[in-house]
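This briefing is organised by topic and is meant to be read beside the sequence and the coordinates.

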Amino acid sequence: MSRASSPALRTHIMVRVGSFIFSLFFLFQVASAQTFVQGKALADASLKEKAVWMEKLASDDSEEATRILQYWLDGILVYWPQENRLVRGIKEGRRYQLQDLMTEEALGAVSSREIDRVKTNNSLRSALKQVLGSRQLGSSDRNVRLSAIAELKRRPDYKVLPLLKKREASEQDDQVARQLSELIGLVLLESAEANEQMEGLRRISGGLSPEVKDSLSRFLLNPNLDPGVVEVAQRELDAITRSLMYWGIGQDLFFGLSLGSVLLLAAIGLAITFGVMGVINMAHGEFIMLGAYTTFVIQQWIPATSMWSLLISIPTAFVVSGTAGIILERLVIRHLYGRPLETLLATFGVSLILQQLVRTVFGPLNQSVVTPDLLSGALDINAAFSVTYNRLFVIAFALCVLVTLWGVMQRTPFGVRVRAVTMNRGMASSMGVQTQRVDALAFGLGSGIAGMGGVALSQLTNVGPNLGQSYIVDSFMVVVFGGVGNLFGTVFAALSLGVANKMLEPLSGAVLAKILILVFIILFIQKRPRGLFALKGRAAED
Amino acid sequence: MIGLRLRQLVFASIIALIAYVFLANVMFPASMGVALDSYSLTIVGKYLCFAILAVALDLVWGYCGILSLGHAAFFSLGGYAMGMYLMRQIGERGTYGHPVLPDFMVFLNWEQLPWFWYGFDAFWFAGLMIFFAPGILAFVFGWFAFRSRVSGVYLSIITQALTYALMLAFFRNEMGFGGNNGLTDFKDLLGYPLTSDGVRVWLMLSSGLALLLSLFLCQKLLATKFGRVLVAVRDSESRTRFLGYRVEHFKLVAFVMSAMIAGLAGALYVPQVGIINPGEFSPLASIEVVVWVALGGRGSLYGAALGAIVVNAAKTFFTGFYPEAWLFFLGAMFVISTLYLPRGILGALEDLAQQVKGKAPKLSQEGLS
């Protein structure tokens with residue numbers, strides 16, 4: 001974490017100095033001998049007395065008290081009558097390994113009869129957690145502080161309020177301070193006084209985490225509230241619900257766009273081959289799978305966590321799948337020219353062979369492809385909306401592929417030939433376009449893009465032999481919906497189907513969403529049998 | 001002529017099989033040792049059901065040019081109709097012993113039978129639904145699809161989407177068809193226990209008879225003017241339309257008939273294997289049917305039946321001995337049959353026979369595109 005501005009730098013130095021002093025203090029504490037001598041009293045205490053002991057320890061800021069509380073919670077705090085002190089006792093078989101509380105020096109093993117375990121029960125345990133959580137708030141590690149706050153938010157306790165306020169005064173980190181303020185707000189809602197409740201409402205205003213929403217709903221159930229407070233709280237709750245809904249829609253939209261991007265990468269190659277050759281390639285899904293497995297294989301050579309392995313996978317997958325595509329075109333599809341249904345069957349056979357080939361080589365189980373460090377994690381905008389980097393990468397990647405492909409199709413001689421063959425094969429051929437060559441290259445291009453789609457997909461799901469099959473029906477739907485031979489139609493269809501799928505999911509469940517989309521397309525194709533953006537022409541069908 | 005003889009051979013061997021099983025398993029006592037054991041009976045019965053399904057697909061694909069990649073959906077619907085009857089027959093003998101509700105509904109805490117399960121306790125109703133459930137689906141789907149002239153690969157993809165959507169739907173527990181596990185644990189059919197050898201023999205025999213019947217009916221249908229128009233639609237849809245025929249009506253009738261035959265096949269299949277689950281709806285299942293027909297001989301009903309039996313015998317062999325190799329084999333069969341056997345085994349045999357007799361083979365791909 002770098003702090004760039006100069007006031008922040010100053011606080012940074014202050015924190016550094018503070019933590020140095022703190023660690024000196026800590027060293028001193030470790031070196032010092034055990035000071036807590038009432039071990040026997042603690043071990044013998046009744047549960048009610050133990051609670052008193054806990055309060056006493058809680059008010060003691062020392063490292064020793066922290067350790068006692070922590071070990072107590074973990075159930076490894078034991079009283080050792082022989083030396084009349086508390087020690088750490090870890091059960092091993094039937095004996096206990098004893099260690100010094102502070103130095104963790106081994107003190108030998110004893111049987112269970114020679115020691116006295118300091119027992120707890122559930123209510124004590126949760127109280128202990130609270131105490132320890134508020135202690136962790138003072139930790140010098142900001143992540144420990146954040147997780148302590150998250151723990152305390154789960155069950156706000158009015159008793160810790162003074163401590164929280166003290167921490168808030170000394171907190172330097174902005175994010176921690178915000179979280180702390182929200183926590184104080186939640187705690188204040190537990191108060192019985194209206195002005196404190198109002199203060200709490202003010203603090204949690206705008207918070208979107210589930211804890212805030214839950215606490216607020218719970219708060220409104222309280223019958224002894226001031227009407228003014230109720231009004232504010234209700235308004236606050238409505239605002240939270242509303243903005244949660246908006247952010248939820250945003251989140252669905254983001255997921256939908258990333259799904260749409262995957263569909264786009266899968267379908268765009270299919271649209272090219274179908275457009276140019278009128279051939280449905282059922283093995284297209286397997287080219288996606290080949291691309292995903294290429295990523296997996298490359299990760300065995302190049303450290304998977306580096307971005308390089310992914311960047312190298314992209315062109316490699318393009319080459320692997322593209323070559324496979326050209327081979328398939330030369331060996332099989334060329335011979336079935338003009339017979340689309342036979343091509344469909346033959347390529348389906350090829351897809352079965354490729355699936356079984358991968359199953360034989362890599363095994364039937366899913367392989368996990370590691371996400372590079374750079375792409376793991378997410379940008380948390382707030383509690384309800386976060387952008388995961390891998391999905392962002394997929395969207396950006398699809399966009400790059402799209403722009404490149406558009407450039408190739410519109411600006412290069414090859415693109416011109418492909419479009420010419422798509423529109424009128426016979427005419428293109430008589431103008432000197434080598435249609436066979438265009439066929440092979442276009443098929444290779446479409447397959448190569450599918451391979452790159454596989455690389456992107458490997459960042460989102462597991463890689464297995466059935467990977468391609470699960471996307472092939474969806475990609476066909478995209479092609480059928482968008483129409484053939486039109487890049488824009490494919491883009492529109494992929495994104496809208498992706499978004500529609502994710503938008504329907506929370507309303508109806510994932511499976512039903514998919515069924516609804518399929519039914520929609522089946523109905524849609526009745527109206528527009530050639531897709532949304534069909535090439536206009538006057539040719540008769542046969 | 002040779003072709004005709006080959007067809008007669010297929011027909012005759014089915015009759016011979018039925019006659020043999022009838023004689024050996026029904027007429028003579030088991031002690032003679034000529035009777036088929038129950039494992040072989042089930043296997044043969046299964047193959048016969050698949051042959052019926054292949055005939056159904058060949059009717060629309062081979063003679064009408066509609067490549068349906070969703071015929072397993074009709075097969076499964078017929079199977080589910082039969083399965084529902086068999087479930088209702090279990091009665092109180094289920095694990096939970098509920099008098100009306102099947103086990104899975106009790107498990108899901110359902111209070112009463114969903115409306116679409118009513119009537120399935122009567123065999124005649126289930127028998128009707130075997131034909132009507134797939135028939136109505138085919139009618140609705142075909143009416144929309146053919147009317148708006150969805151054809152060729154588009155139609156194929158859409159039929160695949162149909163069966164895929166049905167598979168997803170039937171996987172849901174809320175649908176009321178047993179979800180993932182489907183319908184199983186059947187006890188008896190028409191009061192006779194399903195596991196007994198006698199019932200197995202009769203099921204196999206009725207599968208054989210149903211196959212003969214559907215072959216015979218389709219053959220007769222195709223010999224009429226209706227059949228001629230179907231072939232014309234296959235060969236050139238636009239020309240047929242310009243000649244004044246309502247192409248979509250012909251296609252629809254053929255499609256619905258085919259779906260009903262497929263439903264019958266499914267209904268005979270389910271009691272023999274003892275289970276029906278949503279896996280039967282999977283697109284792969286449908287497309288396997290296509291390869292039976294393609295390999296056996298598209299455009300020849302007997303070829304389709306032969307193809308179903310040959311491919312499934314190969315499947316039994318491979319999955320038993322070399323499970324790894326099965327998909328390789330199936331895939332290769334797709335490629336080989338489309339590249340080198342455009343008219344399937346039967347067509348290749350006919351060509352071969354004609355060549356032996358010194359005549360030029362017929363143009364093998366005429367009209368098949």
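In this predicted model, the contact between the two chains draws 40 residues from chain B and 38 residues from chain A. The predictor gives the complex an ipTM of 0.80, together with a pTM of 0.74.

**Chain B as a whole**

- The secondary structure of chain B consists of 14 helices and four strands.
- The radius of gyration of chain B is 21 Å, close to the 21 Å that the globule rule gives for 369 residues, so chain B is as compact as a globular protein of that length.
- Of the 369 residues in chain B, 48% are buried.
- If one takes the contacts in chain B between residues at least 6 apart in sequence, 77% of them join residues that are at least 24 apart.

**Helix packing around H10(B)**

- Two packed helices are described by the angle between their axes and by the distance between the axes.
- Helix H7 (residues 197-223) and helix H10 (residues 247-273) of chain B have axes that come within 10 Å and cross at roughly 170°, and H7(B) and H10(B) are therefore roughly antiparallel to each other.
- On the H7(B) side of this pair the residues are Leu203(B), Ser206(B), Ser207(B), Ala210(B) and Ser214(B), and these meet Ile261(B), Leu264(B), Leu268(B), Pro271(B) and Gln272(B) in H10(B).
- The residues of the contact of H7(B) with H10(B) comprise six nonpolar and four polar ones, with no charged residue.
- The axis of helix H2 (residues 38-64) of chain B comes within 9 Å of the axis of H10(B), and the two cross at roughly 170°; H2(B) and H10(B) are therefore roughly antiparallel to each other.
- In the contact of H2(B) with H10(B), the residues divide into 19 nonpolar, four polar and two charged.

**Confidence in chain B**

- The mean pLDDT of chain B is 84, and 93% of its residues reach 70 or more.
- Among the elements of chain B, H10(B) has the highest mean pLDDT, at 93, whereas helix H1 (residues 2-27) has the lowest, at 76.
- Over residues 363-369 of chain B the pLDDT is below 50, although this stretch has 12 contacts in the model beyond near neighbours in sequence.

**Gly285(A) in chain A**

- Setting aside neighbours within four places in sequence, Gly285(A) is in contact with Ser351(A), Gly468(A), Gln469(A), Tyr471(A) and Ile472(A).
- Gly285(A) and Gly451(A) are separated by 166 residues in sequence, while their C-alpha atoms are 9.2 Å apart in space.

Conventions: Residues numbered from 1 in each chain as written. Chains lettered and ligands numbered in written order. Predicted model: local features only at pLDDT ≥ 70, side-chain atom pairs only at ≥ 80, totals over all residues. Contact = placed C-beta atoms within 7 Å. Axes fitted to C-alpha atoms, helices over the stretch in contact; angles between N-to-C directions. Parallel < 35°, antiparallel > 145°, perpendicular 65-115°, else oblique. Nonpolar A, V, L, I, M, F, W, Y, C, P; charged D, E, K, R; others polar. Rg over C-alpha atoms; globule rule 2.2 N^0.38 Å. Buried ≥ 20, exposed ≤ 12 C-beta atoms within 10 Å, placed from the backbone. pLDDT = per-residue confidence, 0-100.
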